[in-house]
Amino acid sequence: MRAPTASARKEYAFILCAIGAGSLPDKADALAEIAARGLYWKRVLRRARLHGVSSMLADVLQSLPPGSVPPFASDWLAGQRVITTTRSVFLTSQLARIITRFDADGIEALPFKGPTLAALAYGDVGLREFYDLDILIHRDDVRRAAASMASLGFQSKIALSEQL
């Protein structure tokens with residue numbers, strides 16, 4: 001991957017400042033300063049989408065004074081926030097169904113990444129983009145877990161190895 005050009009560095013600096021650690025009042029002046037130097041907003045949006053931080057960026061930027069963000073950018077980010085939150089809430093509900101079924105079937109399971117990380121790190125599953133669910137189970141429980149998931153309507157895209 002190539003290093004960002006000098007003009008792209010402003011956009012990366014803006015995103016990093018917005019989603020990095022620190023309180024919004026502390027960030028607001030820095031964000032305003034970076035934006036005042038002129039941002040290519042389409043690049044900001046592309047980079048935020050590419051790195052899966054559109055929802056986090058949307059939350060921060062909606063708190064800035066009116067006019068700080070062009071309407072097309074704030075509208076796009078708000079739309080991404082809705083899409084991400086909708087998908088995240090749906091996947092989180094599916095995770096709850098799976099874990100409940102595993103528990104009923106006596107299968108020990110440990111969810112990680114995805115909604116688990118989002119809830120722990122951000123307190124909001126809608127702030128982290130994820131597209132699948134990650135669940136650790138004991139090797140000896142793989143076939144029972146597959147059957148449990150099939151009973152919930154899930155279908156495997158791959159066949160289980162005979163070794164499992």
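**Entry 1: H3 and H4**

I started with two neighbours in the chain and found that Trp41, Val44, Ala48 and Arg49 in H3 meet Ser54, Leu57 and Leu61 in H4. By class, I count five nonpolar residues in this contact of H3 with H4, along with one polar and one charged. A reminder to myself: this is a predicted model.

Next I looked up the geometry. Helix H3 covers residues 41-50 and helix H4 covers residues 54-61, and their axes lie 8 Å apart. The angle at which H3 and H4 pack is about 130 degrees. H3 and H4 are therefore oblique to each other.

**Entry 2: H3 and H5**

Then I turned to helix H5, which runs over residues 71-104. At what angle do the axes of H3 and H5 cross? I noted roughly 15 degrees, with the axes coming within 10 Å. Angles under 35 degrees count as roughly parallel, so H3 is roughly parallel to H5. I also wrote down that H3 and H5 make a right-handed crossing.

Who touches whom here? From H3 I listed Trp41, Lys42, Leu45 and Arg49, and from H5 I listed Phe72, Ala73, Trp76, Leu77 and Gln80. The contact of H3 with H5 holds six nonpolar residues, one polar and two charged.

**Entry 3: H5 and H7**

I followed H5 to another partner, helix H7, residues 142-151. The axes of H5 and H7 come within 10 Å, and they cross at roughly 125 degrees. H5 and H7 are therefore oblique to each other. Which hand does the crossing have, left or right? I found that H5 passes H7 in a right-handed crossing.

On the H5 side, the contact uses Ile98, Arg101 and Phe102, while H7 brings Ala145, Ser148, Met149 and Ser151. Sorted by class, the contact of H5 with H7 has four nonpolar residues, two polar and one charged.

**Entry 4: the largest pocket**

The largest pocket holds about 730 Å³. It is lined by 21 residues, and those closest to its centre are Met149, Phe154, Gln155, Ser156 and Lys157.

Which elements supply at least two residues each to the lining? I noted H5, H7 and strand S2 (134-137). What classes of residue make up the lining? I found 16 nonpolar, three polar and two charged residues.

Notes
Residues numbered from 1 in each chain as written. Predicted model: local features only at pLDDT ≥ 70, side-chain atom pairs only at ≥ 80, totals over all residues. Heavy atoms only, no water. Axes fitted to C-alpha atoms, helices over the stretch in contact; angles between N-to-C directions. Helix = DSSP H or I, 4+ residues; strand = E, 2+ residues; numbered from the N terminus. Parallel < 35°, antiparallel > 145°, perpendicular 65-115°, else oblique. Contact = heavy atoms within 4.5 Å. Nonpolar A, V, L, I, M, F, W, Y, C, P; charged D, E, K, R; others polar. Left-handed = near helix turned anticlockwise from the far one by under 90°. 1 Å grid on protein atoms, 1.4 Å probe; cavity = no way out; pocket = protein on both sides within 12 Å on 5 of 7 lines; lining within 4 Å. Points joined across faces, edges and corners; volume = space filled by probe spheres on them.
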